[in-house]
Amino acid sequence: MNTPLNKAQSALETLQTARGNAFYPLYHLAPPAGWMNDPNGLIYHNGLYHAFYQHHPFDQNWGPMHWGHATSRDMVRWEHQPIALAPGDEWDRDGCFSGSAVDDNGVLSLIYTGHIWLEGAGNDSAIRQVQCLATSEDGVHFKKQGVILTPPPGIMHFRDPKVWQQEGTWWMVIGARDEHDRGKVLLYRGNSLRDWQLDRILAEANADMGYMWECPDFFPLGNSQILMFSPQGIKAKGLAYQNLFQSGYLRGRWQPGKGFTVYQPFEEMDHGHDFYAPQSFVAEDGRRIVLGWMDMWESPMPSKREGWAGCLTVPRELCMMPNGKLYQNPVHELATLRTGEQLVLPCVLETQELMLHPNAEAVELEIAWEAGQSTAERYGIRLGQGCELFVDALTQRLVLSRGYQDAQLDGNRSVPLSENGDLHLRIFIDRSSIEVFVNQGEYCLSSRLYPQPGERQLELFASHGKALCRGGTLWQLNAL
């Protein structure tokens with residue numbers, strides 16, 4: 001049968017035969033070929049972790065959205081599965097947009113947004129978005145069940161359902177944009193996956209918090225309730241909100257039947273150049289894990305020349321600290337990729353470089369600095385000629401800087417240094433990315449990098465003064 005799914009799978013397999021690999025990740029999840037954006041349907045089900053994602057299998061550009069699919073036993077080593085969803089039905093003819101996955105009495109069920117352009121592809125002023133259901137008996141092949149929820153009056157942008165079950169009741173949060181161009185999250189409750197009622201507006205934007213809130217997620221963490229979402233339309237404020245769109249969270253209190261009481265203002269989750277649309281899920285042992293899309297809309301993507309675009313972050317465990325701050329750390333399963341351990345001995349750098357690795361394609365580096373006692377104006381690590389992660393002593397910030405003229409990518413992102421002078425870094429480098437975890441998860445910075453051949457030397461450096469390095473460890477990471 002020449003179905004939309006079969007056409008998509010055939011196109012993907014053809015595209016994959018010609019895919020380039022210079023920037024293709026060695027241990028991050030990326031599409032076999034074609035385009036990837038938001039992670040969808042993250043779930044642990046019947047002994048396997050499932051990661052679905054927004055996917056265009058016909059070429060390397062965004063197009064009518066399909067759902068790509070990969071499975072893993074450890075969240076680290078992924079196996080690609082056949083495409084799970086393809087657009088083409090009356091309710092999703094122009095795209096199977098983002099959504100989530102649940103276990104409905106043993107049946108793996110996907111809840112997603114069906115998208116239709118009403119006045120031409122790309123015209124966001126006239127669209128129809130509805131929530132849809134698809135189910136699977138084997139966890140690989142899915143049967144569409146049609147529309148389960150339509151938008152309330154006055155709402156046209158209505159997408160990205162995140163569904164969970166709590167004390168026998170189904171709950172769903174949906175991102176929306178109202179007639180006044182304010183972002184909001186709507187909360188629904190249901191007796192089944194096919195029967196939903198609007199419970200309330202869970203949260204909404206004030207004048208400066210964006211016109212659309214995408215990819216909402218709502219979950220308990222410690223003694224708090226977290227509303228995680230990706231607002232569009234927030235203007236940059238100083239060093240905050242530097243990317244086109246943001247991703248972050250509100251912390252508060254909630255229980256079924258009541259409103260969401262917010263404790264603290266919106267907080268960005270990642271301070272790098274490339275992070276969007278994070279989604280969480282519960283691991284086999286109860287940990288709350290999050291994956292994000294490690295790219296940014298309207299950014300240059302040199303990997304398109306290789307026939308693919310987009311990858312996901314490493315999985316991160318979330319933890320709520322006593323001070324109310326959400327910490328993120330790489331899942332411990334990533335340590336199983338380590339090989340070739342190399343110690344970095346304590347040292348004092350003074351206007352010099354120290355080579356750590358001649359070709360850092362897939363490495364993890366854990367290193368600490370005495371920031372409070374270092375006098376250098378700048379010090380840190382350098383990858384080739386295009387990326388530096390350094391302490392700026394003048395501003396007392398940790399800066400991630402990238403500059404690739406051929407890729408038209410440049411600019412800095414930064415976070416404040418700890419007041420006590422401690423600086424512990426855990427850094428993951430892949431062929432076209434860097435992820436930095438600062439002080440055991442206090443801050444994260446994720447960015448895409450595109451070094452030219454021979455430009456992957458990893459070294460420590462210091463300039464205009466002394467930098468005290470407490471040492472650390474470098475691991476080569478096994479390709480998947």
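Ring pairs tie Trp164, Trp171, Phe218, Trp254 and Phe260 together into a cluster. Keep in mind that this is a predicted model, so everything below is read off predicted coordinates.

In the pair made by Phe218 and Trp254, the ring centres are 5.2 Å apart and the planes meet at 65°, so the arrangement is edge-to-face. Where do the two partners, Phe218 and Trp254, lie? Phe218 belongs to strand β13 (residues 212-221), while Trp254 sits in the loop between β15 (248-253) and β16 (261-268), so this pair ties together parts that are 36 residues apart in sequence. Phe218 counts as buried, at 3% relative accessibility. Trp254 is buried too, with a value of 10%.

Aromatic pairs turn up elsewhere as well: the structure holds 23 of them. One is formed by Tyr24 and Trp308, which are edge-to-face, with 5.0 Å from centre to centre and 80° between the planes. This one links distant parts of the chain, as the partners are 284 residues apart. Tyr24 is in the loop between α1 (4-17) and β1 (34-45), and Trp308 is in strand β19 (residues 308-309). Are these two rings, Tyr24 and Trp308, buried or exposed? Both Tyr24 and Trp308 are buried.

Here are those two pairs next to each other.

| Aromatic pair | Centre to centre | Angle between planes |
|---|---|---|
| Tyr24 and Trp308 | 5.0 Å | 80° |
| Phe218 and Trp254 | 5.2 Å | 65° |

Arg378 lies over the face of Phe390, 4.1 Å from the ring centre. Arg382 does something along those lines with Phe461: its charged end sits over the ring, at 4.1 Å from the centre.

Now for the chain as a whole. How many helices and strands does the protein chain have? There is one helix, and there are 32 strands. For 480 residues, a compact globule would have a radius of gyration near 23 Å, and the protein chain comes in at 22 Å, so the value agrees with that expectation. Along the principal axes, the C-alpha atoms fill a box of roughly 65 × 50 × 40 Å. Buried residues make up 62% of the 480 residues. If you take the contacts between residues at least 6 apart in sequence, 57% of them join residues at least 24 apart. As for the surface, the protein chain exposes about 18900 Å², with carbon and sulfur atoms supplying 47% of it.

On to the cysteines. A search of the whole structure turns up zero disulfides. Cys132 is in no disulfide, and the nearest cysteine sulfur, which belongs to Cys96, is 7.5 Å away. A disulfide needs the two sulfurs within 2.5 Å, so that separation rules one out. Cys132 is buried, with a relative accessible area of 0%.

Asn439 has a positive phi of about 50° although it is not a glycine. Asn439 is found in the loop between β30 (433-438) and β31 (443-448), and it counts as buried at 11% relative accessibility. His464 isn't a glycine either, yet its phi is positive, at about 55°. What element holds His464? His464 is found in strand β32 (residues 458-477). With a relative accessible area of 57%, His464 is exposed.

One more histidine to look at is His141, in the loop between β7 (127-136) and β8 (143-149). At 53% relative accessibility, His141 counts as exposed. Leaving aside residues up to four places away in sequence, His141 touches Thr135 and Ser136. Its C-alpha is also 6.3 Å from that of Ala84, although His141 and Ala84 are 57 residues apart in sequence.

Notes. Residues numbered from 1 in each chain as written. Predicted model: local features only at pLDDT ≥ 70, side-chain atom pairs only at ≥ 80, totals over all residues. Heavy atoms only, no water. Buried < 20%, exposed > 50% of the residue type's maximum accessible area, 1.4 Å probe, protein only. Phe/Tyr/Trp six-rings, centres within 6.5 Å; stacked < 30°, edge-to-face > 60°. Helix = DSSP H or I, 4+ residues; strand = E, 2+ residues; numbered from the N terminus. Lys NZ or Arg CZ within 6 Å of the ring centre and 35° of its normal. Rg over C-alpha atoms; globule rule 2.2 N^0.38 Å. Contact = heavy atoms within 4.5 Å. Areas by Shrake-Rupley, 256 points an atom, 1.4 Å probe, with all protein chains shown as cover.
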